[in-house]
Every structure is written in structure tokens, then in C-alpha cells.
Amino acid sequence: MFEKEMQELEQATQIVLAPPNVVTSEQRHAAENIILEFRKTKLPYNTCRFILENSTCDYVLFQAATTVKESVIREWSLLSAEDIESLRSFLLRFITQHITLQSYVREQILQTVAVILKRGTIDTKGASRDSLFEDVTQLVASGNVTMQLVACSMLTALLNEYSSSSRTSSVGFTWEFHTRCKRAFEENDLKRVFLFALQVLYELDKQPTPLAREAVAVLNRLLSIAEQVLCWEFTPKTIIRRHIGSFEMNQNAPLKPNSKWRQTLLDKNMVDLFFRMHKKVRHNSDMAHHSMQCLSQLASLNGPIFPDDKARHEYLNSFIAGFIQLLTSSELQDFEYFGISNIFKNLVMLFPLPCFMALPKELMEAFIDQLTRLTCAAGREAALEEAQGMDATTEEDEIDEIEEDDRDRFADQLCSIGVLGRMVPQHSIPLLAKVLEDRISRLHGHLQRMLHLQHQQQTAVGSHGDALNTAHINILHEDIHWIVLVAAHVLTEEAEGETPMIPTDIMQFSMGQASTVDINTTLKVLASPGERVDAIPGGIQGTDPVVRLISAVFRLCEVEKRAIEANLSACLSPQVSSTVIWFLCRWVVSYLLPDENYYSQISHALLSAFGRDTDGAQWTVTFLLEKILANMIVWNSEEKLVTDTMQLLNSLVESRSSNACCVYFRAVFVVKSDMIWTLAKQEASHQHPFNSLCSAARKYLLKGLVLAGSGFKDNQLQEEYYNYVLKSLHDRFMQTVCQADFSKKISNTDVKSGVLDLLDSLCGVAMGTRVDNLDRLFNFLHPLLSDSVKLLDLYHNYEDVVPLVLELFSEVMQKQLCYLGESNSRKLYELCLSAIQVYSKHNIGKRTSQNDDEEEDRYNDILLVIELLTNLLSKDFIDFSDPEEGVPQSGGQVSAADVVLYGLNTIIPIMDANLLKLCLETVASLATETFQAGEVGTRLHESMAHYLKIVFHMLLLETFNMDLLETASTSLFCLICCHQEQYKHLVNELLQNQVEPSIKERLLEAFNNLTPASLNMTINRQSKIAFMQNFDQFLINVRGFLCVR
């Protein structure tokens, strides 16, 4: 009988593994079913033993081992302790007796043994792992390299299985079970694995170098095991909420064992051993990776393993001594640098400063010297590589548009450099100014020589000298690009969510230079970007260093401007121009027209150059507006650069300050410049380059122009200005969209391009909404929104038009709704309902799919709809409108809740689970409104029952992002308040599905604690907080046994 089953499996395997042209899909499918059915066999152990002992087909052996693994878990309760131990012993014996097995078969059998051991970890039938360690010891002592490698594979399989990470077998255990097993393994066996590895490593350390080939193979596996132990993420006493139900492994977890590891890991000989091991293998990149990872983790040692500060000091002293000896013993290999840098990082990040200060002076100095030496060496190497890359770059090479900008890609490093620069501004700022001025002067000189060559040869290309100059210019551009990036991070700080200000260190440095600074000279340097600073009398000695550095950037702008006037724009770098614009954006919001109320002291030089009521500020505003217009003309085809330029315009007229006067005051300076009128008039004429801006740039342009209008104090001038900005846009919209035969022309390329341009412009206008221009912009946009609904209908199949229409509605809701009175709000509700109805009409029955090529576009549409619905509900929380008299509160008119409910019912059928989670806030808002209005029995109230079931299952039974806990618990609580009986039904249903009485009892207790009698089931802040705290504990208690792997 056993032989017959084996033959059937072998025949099925031949078909499954056969090439597609040999067997039919039906035959392959039937063969696969035979294998799958075999894996479901009840008590298949004798059959599997026979197959393992008699079959010569590796794939059949693999399937037999897999069947044993799955069956043991499935039938654990049917097996006796003797059966389990017999099976484990057989599998280990089989491995040692069949040393020629394919590696994937051997690993599967070992994994099966590990699963059996794990299943018995917290079970009375489970055997201890003592016998396994005895087998491992015997295999190593055998002297047979193959047996020693098998022993290492056993330990690796054990570590993988107990890690409770992605390496763990998916056999249906609950997360809680995995965690309990992991904790038990940590307490009883993990250190035994490490001590075993150490014992063999000590023996290998005694062998002379170079090691024999067989010893190298064993050493590689042992280092890998040691690495896995030292990278182990130890289970904390109190489980972190976000980790519950998660099998993801933290790849950067520091080494934080308990006090039981103290004798092992605080042993100086152990640390020295790993440094010696690395020296033995440092020329083998694979093995060096394992040994370097071990050292890196040992550098991160922290937690209760240190009984006191003295022990921590001694360990750090010992480790750094070995580390310095390693660094000075021989030259580092290229592949060692990353590991070395990680060691430095872990030491500095995880050992407190007093520990370093307690080191012997010589050791501390050696540590700092090595850190400095290697940092400089890495910097020089990077510079050489960059230079070699520049030499190899041809004129045709361009920066990949998909590649991340340097300012984003190296943001962390640049921020660190900025912090260091502000610590020593007396050194960094003059140095930056000097280096930047030098590069700009050299660039100017090269451009002049290029111009001279043009005059001589009547061409900009074709000569060796010309090509040489271009190569030099490319190198200069690269230097300038990085200098400006560094200067920006030294002069300014990140101000996300805060009011941008001049950094205190920079302010104090500028004030400290007051005795040597001549204000008139400083202002002359600032206002003379066409002249070199050393050409201005007293420019070097008498100029404020901060203003001098800023002036150097202005001079770079002037050099670009003159190059453009001389038809040398081809010799300029869009990347450098983009970096300069980005610098100006950061600088403007901090330095230009600073609010003196925010500073206890302020530099006279900076105030004279950029402060309020100064000629310097007005000159700077006009200079920047000229730069904006020049970039639009010259760099029109560079979308990223033009968009950055439009953001600079926005920086000049908007403010992240909480003080509203700031933006008005800055806008006052902007509208005093003729350049803003030039921009407005050219936008009104809508000629090149204004008619060919990319989408983002057009939005920012209109937003900036609209915001600038707030700066006019003369009503007549303001009306004239807005006439240029808004009326021309209105006329173009009506001429395009409202023509009689428009529906017949929608597919025309020029017509569709014009529609996209108009929608981008309207989005920009909406983005520019402020309380002072609300009435004007609402009256302007409202009739155009009505026509935009028609656009959504006509262009429902156009992936570029639909998102823009949805974005327009969303922007209007976000920017205007909170200021509008009841009557105007209802007008917007009706328009939104019309838009969503049109969207629904054309998308009903569709659904996003992982295999859908249009998935990303559909996701964007749905996200925009969710954003629109969220903005509609925002008025419930943020309402700055004045009360209106005579406006009925009901009467059958459309409300925000009506629109949101209709929208949710539209998009939920076409959403997947990930997008559904984004609806939580919207659902919570709807449930709150339903509960507080007492709308029992209404359509909205009944719909909340449907959402309660969805949210209930999502939070308890599905993989869930714990970062959304607060939002999710609020949503669930609001829904429970609306439908308490439905909630009880869902709880009872979940309880009835539990087979084990103990789990049912725990679950019932958890639900009782979630909504105790003392909890007020009313939607208010106190109840929400109380429920969230209960829910936090609830998830800790139940998700562990509801989430399964």
C-alpha cells in the first residue's frame, strides 16, 4: 500500500515538473490535486517514513516532509508524546544518514523538526530541546564537516522557527502562541545556541591562519548563527501595542537581552573573540558581512544587562579598545565601511555621553581621531568618484527625471551638516561665502570665454576649447549646487508646522560682528549683484557675513541673468537654478521682512537689509520677482524648476506664521513692484510661456497672483488687478466650455488641453482663498463649478480630466466652506452632490484590482473623492462663518451628510480593503452627526449599521495598521453608539465562532471590559478617550489569539 502511494506521488511529480509542451494543463492540474490530497491524509506518518526511506525523487521527499509538518500540527491532539518523540528522532536520524540530500529537502525536514519542537514548547506532550542539543554536540564532535554543517542547519532552522518573524512557518498558530513560544525559547534555549556557537568559534580561533577549506565552511555557518542570535529582537515584558498581531521583524533592533546574558555578553574575551574572527575573515566579503554584523550588534548592547554605570563604562572601554585596534591593524576593505559606520553609529546613539567622557583620555582621543579620519576619507573617496563620474559624463547625459532630488535624497545628511555649521558660524558662514564667491567668479569667467569664442567662431560648439570649457562649467555647476544646498541648511532650519524664523545661532553670530560691520557697505554689497564683493571698497572686511553669503546667491542669479541675455542659456544648469530657487524659498520665509515681535534681539545688519520699512526689503522683493519672470521665460520646458519658481512666488505672498499680518505686509511690498503687474498682465494675455505651464506650476501661479491681491490698500487698484487675474480667466472658461458645439470638440487635442489648463487655473484660484477675498472668489468660482460638473460628465473616460475636476471641488470645500454662511454652504453641497452623482453614474459596477493596469489612476480618483467628502464634513468641526438670519435649518434641502452618505455608498463598492481604511474619519463624522441629531430610522442611521460591521471585522479579524488606532477606535465607538443592539449581535456571533472554551471566556471578558456599565455611551470627548483606552487594552488582550499565521 505504501509503495503504491509512493508511485502515485512520483508519477504526479513527473507531470508537475514536466515542461509545458509535454503535458496539458488538465494533466498538470490533476497531478497537483493528487499531491495536495496526499498532504491532507489523516495520520500519514508511516506512509511518509516509507517514502523518505525508499523514494529517490527529491521533490517527493520534500512533499513527504511537508505533509509530516502539516499533519503534526493538525493532529497534535491525536498523537501521544511517544509518537511525537519517535517522529522527531526519525527525522533527525534520517538527515544524518542521508548526507547527500538536496539542500531544499534537508532544510524542509529540519524545519519540520523545528515546528514539532515549537508546537511542544508549552505543551505537556512536547519534548525538551535537550535531545536536539545533544545531537548537535555529537555531530560537531564527529569531525565530519558535512555532519557539522547539518548541525548548523539544525540550529538555524530552530532560530528561524522561534523568531516569530517572516521566517516563521505559516501553520495556523495564533500570534499569541508564537509569542509565548518565542519568550520560552529566549528564556531557556537562545543562550544555549549562542554558547554552542561561541564554543566552536573559540576552537576555530586556535587554528592557524589561513583556515582549511572545511573549517571556513563551518566558520561561515557559525558566524551566521551568531549574527542571528545577536540580531534577535528580544520580547519586552510589556508588549508594545503596534507589535500585536504583527510578524514583521525589526531589521535594526538593538541588542537588548535580559540580565541572564550578563556573564556571557559582558565577558571581555567574547568581544575580543569577534574582533579576532573578523580579522580572520575580513578579506572574504560574505563572511566579513556576518562578523561585521555581529560587531555592529555588540556595539548596540543596552538595557538591563548592565547592572550599573560602571559595567556599562567597562564594556564600552573594552569594545572601543578592540575597535580601535581593528581600525589601525590594516587598511579597510571597501565592503567594510558600511559595517564600520554602523558600529560608530550604534556606539554614539546607544551609549550616553557620560560613558564616553569616562573613557581614558587617550582612548577617547583615538576614537574621535578614527571617526574623523574615516569620515574625511569617505568624503574624499566620494569626491573622487564624483569627479571621475563627471569626467566620464558626456554632454548628452542628463539627470534622470525619476531620480530623487539631492535635497530630498540627502536631507538627513544636509540637516546634520546645517546643525554642525550653526555650531561654528564664525567658521562656516565666511567659508561658505568665500567658496561660493570663488566658484561664481570662475563660472562667470568661463561664460565670458564662451561668449568670446562665439564671437570668434560664430558658433557655440565644434571646437576642442569649447568642449573643455563646457566640461569645466559642468564641474563648477556641481560644486555650486552642493554649496548652495549646504548654505541653505546652515542659514535656515526646517519649520514644519512652526513659524519659520532666523536661527538663534545665526542671529547671535550676526549681532556679534556688529563692531566690524559697516551697514552702508553691507547694503551696497547686497544691492550690487553684478559686482564682485572684492571690487566694492571695504566689501571684504565691512560686510556682514550672513548678508554676504546671501548676496553671493543673488550674484549667482545675476550671472545667470546676464548669461541668458548673452544667449548662453545652453551653458547654464537647470539643476543649479532649481537649487537656487529652493534656497530662496527657504530663505524668504525666515529672513525677508521678519516679525520683530518673535525675537528678543535682532541683528541691525539683517534688519537694515531685509526688515520692514527698508529700501533693502523692497529691492529684494523686486529682484526676486524679476528672477521669477526670467525663469518662466528661459526654463519653461523644465517642469520641476518652473514649479519651484512658482512656489517662490507663493513664499513671497503667503506665510506659515500664525500672525495674519505677516502675509499682508509681505504682499504690500510685492504689489508695490511693477513686476507683479507684469506677471498679472502676461497671465491675462495667456501667451507663451504662460499658456504652456505644467499643471503644478499653473496652480501655484494663480494661487500666488490671487494671494498677492491682498496687499493692495487702494480698492480701485485692487479691482483693476483682479480684473487681470480673474476676469480674463472667466472669459477664457466661458469661451471654451460654453460654446454651442463644445460637446463635439471635447476629444480635440487643443480643446482638451485648454480645459486642463482652465481646471488647473481654477484649482489655483481656490487654493488662494483667504477670509479677506472669500466673497470675491466664491462669487467667481460658484457658477464655474456648475459648468465643471458638465465637464465631469463629458470627460468621464479621460483619466487626466476627472481627477482635476474632483480636485477642484475638494479645494473649494477645503478653503471656502468653513467661512461660508448657511445659504452659500448649501449651494456648494448641491454642486458636490451633482458631481458625485455624475462620478457614480460612470463608475458604478467597477472595482479596483491588483491586476488592473489603471489601478493607480482609479486609486487617485477614489482618494480625491474621500478627500472631498472629508472636506465637506469639516464644517462640523471648523466653522468661522457668521450666523445668518432667516435661513431655514432644514426643509428638504441638501445637507453635507446627504452628500457624504451618497459618496460613501458610491465608492465603497469600488474600493479595496486598504482604501476602505481611509474612510474611517468620514464614517466617524457621519455617525456622530446621526447620533447627535437623534435620526433613528432614517436612511443615514440604517447605513451606519453596515459600516459598523465593516469596521468591527476590520479591527478585530484583519491585518490592521496600528498607527490608525485612534481614528479607528473613534470610528468604532461612534458606530456602536448609533447601533448598540447590532454591536451586541456582532459580539455574540464572534463568540459563537470560537471552538475553545478558554478563548471564548477570555473574549467575553475582554468585550465586557471594552464597554463596561460605567462607560457613558454618548459621543463626547471624555467617552471617546475612555473607550480608546479600553480599546487599546482590548487589542492587547485579544488580537494575539485572533490573528493567525
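Trainee: How many of the 14 residues of H33 are buried?
Mentor: The model is a predicted one, in which local features need pLDDT of at least 70 and side-chain atom pairs count only at pLDDT 80 or more, while totals for chains, interfaces and linings use all residues. Residues are numbered from 1 along each chain as its sequence is written, and side-chain values use heavy atoms, with hydrogens and water left out. Buried stands for under 20% relative accessible area, exposed for over 50%, and partly exposed for what lies in between, using a 1.4 Å probe and protein chains only. H33 is largely enclosed by the rest of the structure, because the number of its residues that are buried is 11 of the 14.

Trainee: What distance does helix H33 reach from its first C-alpha to its last?
Mentor: Helices are DSSP runs of H or I with at least four residues, strands are runs of E with at least two, and both are numbered from the N terminus. The expected span of a helix is 1.5 Å times one less than its number of residues. For H33, which covers residues 695–708, this gives an expected 20 Å, and the span in the model is close to that, at 20 Å.

Trainee: How many of the 17 residues of H6 are buried?
Mentor: Helix H6 runs over residues 103–119 and reaches 24 Å from its first C-alpha to its last, close to the 24 Å expected. This helix is largely enclosed by the rest of the structure, because the buried residues number 13 of the 17.

Trainee: Which residue is joined to Pro 689 by a cis peptide bond?
Mentor: Most peptide bonds are trans. Pro 689 lies in the loop between helix H32 (674–685) and H33. Its cis bond has an omega of about 5 degrees, and the partner is His 688.

Trainee: Where is Pro 210, which a cis peptide bond joins to Thr 209, placed?
Mentor: The bond between Thr 209 and Pro 210 has an omega of about 0 degrees. As for its place, Pro 210 is in the loop between helix H10 (190–206) and helix H11 (213–230).

Trainee: Is His 686 buried or exposed?
Mentor: His 686 lies in the loop between H32 and H33, and it has a positive phi of about 55 degrees although it is not a glycine. With a relative accessible area of 13%, His 686 is buried.

Trainee: What is the relative accessible area of Asp 613?
Mentor: Asp 613 sits in the loop between helix H28 (604–610) and helix H29 (615–634), and its phi is positive, near 60 degrees. Asp 613 is exposed, with a relative accessible area of 72%.
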